[in-house]
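The sequence and the structure come first.

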Amino acid sequence: MTICQVIGNVSPTVSPHENLTLDADWMVQIENKYGFYIGLALAIFSSFLIGSSVILKKKGLLRLVEKGGTRAGDGGHGYLKDWLWWAGLLTMGGGEAANFAAYAFAPATIVTPLGALSVLISSILSSYLLGERLNLLGKLGCMLSIVGSTVLVIHAPEEEEVTTLDEMSSKLKEPGFLVYAGILLVICLILIFFVAPRYGQTNILVYLTICSVIGAFSVSSVKGLGIAIKGFFAHRPVLQNPLTWILVLTLVASITTQINYLNKALDIFNTSMVFPIYYVLFTTIVITTSVILFKEWVTMSVTDIIGTVCGFLTIILGVFLLHVFKDVHLNLRTLPQLLQNTDQAQVIKDDKNILIELDHSGTPVDNKPKVFMIYS
């Protein structure tokens, strides 16, 4: 015999609204779990594109010089008519877009150090396509840059949770960041209007420092716009928020300035010098900005702090080897010769020693007068 009991006023276990909430929570969990790896993959892909774009743009600038056009370092803009330069610009745009997306998924202190891959790619390609030789120390420098970036990523600080534009706005309004941003802006203006016209053609640090300082504003804008894009797809009123448009204008202005001065640096100086120095300066500024803006070091352990510092110092050492010894003719074939005994080296004698040896030589002396001619 079967007994049935009717129970009234029973709601479903999960309502449609609760089901949607569970789906949203599931998506958030997926993003939290795989967001780091998505950001990591996008950052690596971005490095490949950006490293290749530097070579394409450099080739376009060299073709302009061969045609007799005004160099970009002298204020010329003839490279705008070269399709190869535009190919490099579009490739860099794709790399920056991937980098833009990477900042939306991963902290800046993880995404930015992976730019060392761009140093490696641009150095290798420049040695094959631009005739800029990469010796053994340069290759070692590339490897050290990658090792240092890996250590830095492993010990990278975790970013404070900022999920809305309101939270981002409160971060940007903090007195510490306002003072820091004001100092960077003053430094940038001094470099652009006073230092660059006098020393930009001879000192590689001038143009690259401008690009790096501006990078603090571009990365902060990218991070904020990444939050805005996430909010837009979550049906939040981000387009009505004035901060969204402020970030867009800041990003456009900063990227335009960076492209202008990076082109000048590439046109005047060697690519194997420009890109590594730019990477070190840019990464330093971005990490400092991220630390001040998001206070990432507060939750870090002593081990992670030491690991982060050591990783970045390793990168600097790699970059130092990459460009300081670029003119040294050193490879695996010539290395044994350099390690040989220095006594076998040929002694170079001056004119005075040659005259003394001739005067005291044991050769027969004839009665003819001797005339010595010394050319200075």
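## The α2–α8 crossing

The axes of α2 and α8 come within 8 Å and cross at roughly 70°. That angle makes α2 roughly perpendicular to α8, a label used for angles of 65 to 115 degrees, with under 35 degrees counting as roughly parallel, over 145 as roughly antiparallel and the rest as oblique. Axes are lines fitted to C-alpha atoms, for helices over the stretch in contact, and angles run from 0 to 180 degrees between N-to-C directions. Helices are DSSP runs of H or I with at least four residues, numbered from the N terminus. The crossing of α2 past α8 is right-handed (the near helix is turned clockwise from the far one by less than a right angle).

Phe100, Tyr103 and Ala104 of α2 meet Val219, Val222, Lys223, Leu225, Gly226, Ile229 and Lys230 of α8, where contact means heavy atoms within 4.5 Å. By class, this contact has seven nonpolar, one polar and two charged residues (nonpolar: Ala, Val, Leu, Ile, Met, Phe, Trp, Tyr, Cys and Pro; charged: Asp, Glu, Lys and Arg; polar: the others, Gly among them).

## Basis of the values

The model is predicted: local features need pLDDT of at least 70 and side-chain atom pairs count only at pLDDT 80 or more, while totals for chains, interfaces and linings use all residues. Residues are numbered from 1 along each chain as its sequence is written, and side-chain values use heavy atoms, with hydrogens and water left out.

## The second largest pocket

The second largest pocket has a volume of about 690 Å³. On a 1 Å grid over the protein atoms alone, a pocket is an open set of points with protein on both sides within 12 Å along at least five of seven lines, a cavity is a set where a 1.4 Å probe fits but cannot get out, and lining residues have an atom within 4 Å of a point. Points are joined across faces, edges and corners, and a volume is the space filled by probe spheres set on them.

Of the 31 lining residues, Ile50, Glu96, Asn99, Tyr278 and Phe282 lie nearest the pocket centre. At least two residues each come from α1 (16–66), α2 (83–105), α8 (204–233), α9 (242–268) and α10 (271–294); α2 gives the largest share, eight residues. The lining has 20 nonpolar, ten polar and one charged residues.

## The cavity

The structure holds one cavity of 30 Å³ or more. The largest cavity has a volume of about 50 Å³. Its lining includes Val219, Lys223, Val286 and Phe294. The largest share of this lining, five residues, comes from α10.
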